[in-house]
Structure formats: structure tokens, C-alpha cells
Amino acid sequence: MRFETIAIHGGNFVSDSEKPVIQPITLSTTFIHQENSMIYSRANNPNRASLEKLLASLERGEDAAAFSSGNAAGIAVFQALKPGSHIIAPDDMYHGLKKGILTLFDGVLEASFVDMTDLEKVQEAFQENTKLVWVETPSNPLLKISDLEAISKLAKSKGAILACDNTFATPVFQNPLLLGADLVMHSSTKYFGGHSDILGGALVTKEKNEFWDKIKNVQTTGGAVPSPMDCYYLCRSIKTLPYRMKGHAEHAMVLANYLSQHPNIEKVYYPGLKNHPGHDIAARQMTGFGGILSFQVKGDATTADMLISKLKYYTNATSLGGVESLIERRAASEGPDTKTPQNLIRLSVGLEHLDDLLEDLDEALK
């Protein structure tokens, strides 16, 4: 099956005797004992099994594990490492997961945060105890692009696992496992859910191995798993993922070009722009540039807040990937320790009519 067909049919497994077209929601927490059957919903559930099979297919992996949030998924990877292990992670990454590394694993794991776009710095960051390289490309919120194939070669030469947060790109535009990554992580709250109403996370592995068994143990024993209802709705939402992503990317490209030429905008971060420092790598390893962009207004935090307050069709809220356009001054959400510029605005471009989005921005920027 091709991608769009997998998205529609890959997560639809019907065992009901009435043979409904769409898989029913199985809310039972326990199952009758029988050979090779499910036992308890924390360990497995028909809807979660369908979602995991679908996610593995979309990312071209061997297996997947669904979690209750993106952070739970990412942290499961860190939990699977031996104490004393060293992690190399991006200097620009989702702040919630970075906070998890620094606070939940303080004294347990070591971490170095480097510019993943500089291969020399990545190579210099390796230590004898480096066990994991964590990449986020495009990154949040500066849309940095990391060369997955090149970093994969470095990681493999050092015997380290390469994991990639693919939330911004989704498997519609990027397949890290085909570029050398061992693991892919997603906040399924975002584009997989697509409607700002489902919380979830996922990991996909290139192959089932000892480290994957440890991650699966964290999932089932730790119990940070999604509900059958959330799994059902994720399978439903993914059916439209390929077409939603095409719309998000098309709109983002137009808005990025518009903002890059506006006299009141200082800088635009979007890998689809040819002047983006990671454009050539993105064009090589991605089939589309995604629906997220960031930009700096000319002025300070107050200027950025004022611009956001004047918009009608962009909702001032955290998160991304919904059909509606979301906008926020990112530093305000990341807290006092952020290194994000105070005048930087992150925009999750929605699927409203493009002319409405352009006119709204144009009016506010006046």
C-alpha cells in the first residue's frame, strides 16, 4: 500500500461479528483468558494494537509503542538507558523534553546540548559513555535542520543509538528510519491528532532488539499508555493526515514568503525558504517543509505581544498541528531560562482559507 492508503486502511482491524466498516472502541480493561490473547488493557488493547501497527507502517518501522503523551514517549527512551549513560541532544529542542532530561534524570544520566547542524560539534560531544544521540529536525522553535544521514554515520561509528523527534515533519514529509535513525518519536497530540483534542505520544523502532524490549517494558510496566478512546480517535484522524499536511505546508510556504518580504519582520525561520541555512539538507531528506514557521518582529516582546493581540484568525495558544492556526510568543511559554529570542513568534499554520490568513496578518502588521 502507498502512504495515503496505509493512512486510511492500515489501522482498521475488525474482529466484531457484525463486521462494522470502522473498528469499534474496546473499553474493557480486562479480557477472558485464552491462548495468545490480550489479558489486561495496560499491557495491550485492540485499539492500541491497531494504532501501533498503523504508526509502524507509516514510519517504515518494525514495531511501535503508543504512550499517553509525547513527553512520556521521549522519557521512555531515557528510562531505558543504563544509569550513567551520556546523551547528546540539540541545543534547540522542545523545552518540555529538555526539562525532563535536566530534572527527572539529574544525577542519573549525563547530557550535552549541542548545535546539531554543526557536525564537528556533534563529533566533539561524544564521550566514552555516549549511548544515545537525540535529534529533532526540524527543531522547535528555530526550525533548524539536522543532517540525519551524516549524524547516523557518526552515531553508528561510536556504537550509539540515534533517535529522531519527527513531530514537525511527520512521516508524510520525512522518514528518519530510512535515513539511518534507530528510533522515531512523535507527539501524536500534534499532527497525528490534528484537531487539538487528543493527547498522545509514540515511538517507532527500526528493528526489535534488546533496547526496544526495555522501552516496551517501560510502556507496559510504567503504564503511561493512551486510552482506547484516544487510540480510536488517532486512527480516525490519521486517515486525513496526508492531505492535511499538504495543506499545512502549502499555506506555510506562502506565509513564510510573505513575512520574509515584510518591512516589519526581522527574520523568518522556515526550511522551505532558499535562504534558510538548512534548506539544501531539508530539500534532500524531506519531501515537504511542514506547517510550522517562526519569525522575529522588529521590536521587543511587547511588540510581538501587540501583534498577536491584533490577529483574528490566529489563536494565541501553545501547541501545534491542529486544523486551526495557533500562534504564540514562544519565550513566554518556555519560561525564564529560555534562550529563544523574546521577539520570536511561532506559528502553526492552519487550514483556514489562505486569503483570510494573509489579510489578517497584513492588517495586524500595519
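Begin with the largest cavity of this predicted model, which holds about 80 Å³ of space. Two elements, helix 2 (46–58) and helix 9 (228–238), each give two or more residues to the lining. Colour helix 9 next: with 4 residues, it provides the largest share of the lining. By class, the lining of the largest cavity comprises 4 nonpolar, 5 polar and 2 charged residues.

How many cavities of 30 Å³ or more does a search of the whole structure find? The search finds 2. To view the second largest cavity, select P90, D91, D92, D115, M116, T117, E136, S139, K144 and S146, which line it. The space inside the second largest cavity is about 40 Å³. Its lining contains 2 nonpolar, 3 polar and 5 charged residues.

The tour now turns to aromatic rings. A pair of aromatic rings is described by the distance of the centres and the angle of the planes. Across the whole structure, a search finds 4 aromatic pairs. Select F78 and W134, one of these pairs: the ring centres are 5.2 Å apart and the planes stand at 55°, so the pair is tilted. Because F78 belongs to helix 3 (residues 70–79) and W134 to strand 4 (residues 130–136), this pair ties together parts that are 56 residues apart in sequence. Are F78 and W134 buried or exposed? Both residues are buried.

Proceed to Y270 and F289. The centres of these two rings lie 6.5 Å apart and their planes meet at 70°, so the pair is edge-to-face. Where are the two residues placed along the chain? Y270 is in the loop between strand 8 (265–269) and helix 11 (279–285), while F289 is in the loop between helix 11 and strand 9 (292–297), so the pair ties together parts that are 19 residues apart in sequence. Y270 has a relative accessible area of 1% and is therefore buried, since buried means under 20%.

For the last stop, select K98 and F113. What sits over the ring of F113? The charged end of K98 is placed there, 4.7 Å from the centre of the ring.

How values were computed:
Residues numbered from 1 in each chain as written. Predicted model: local features only at pLDDT ≥ 70, side-chain atom pairs only at ≥ 80, totals over all residues. Heavy atoms only, no water. Phe/Tyr/Trp six-rings, centres within 6.5 Å; stacked < 30°, edge-to-face > 60°. Buried < 20%, exposed > 50% of the residue type's maximum accessible area, 1.4 Å probe, protein only. Lys NZ or Arg CZ within 6 Å of the ring centre and 35° of its normal. 1 Å grid on protein atoms, 1.4 Å probe; cavity = no way out; pocket = protein on both sides within 12 Å on 5 of 7 lines; lining within 4 Å. Points joined across faces, edges and corners; volume = space filled by probe spheres on them. Nonpolar A, V, L, I, M, F, W, Y, C, P; charged D, E, K, R; others polar.
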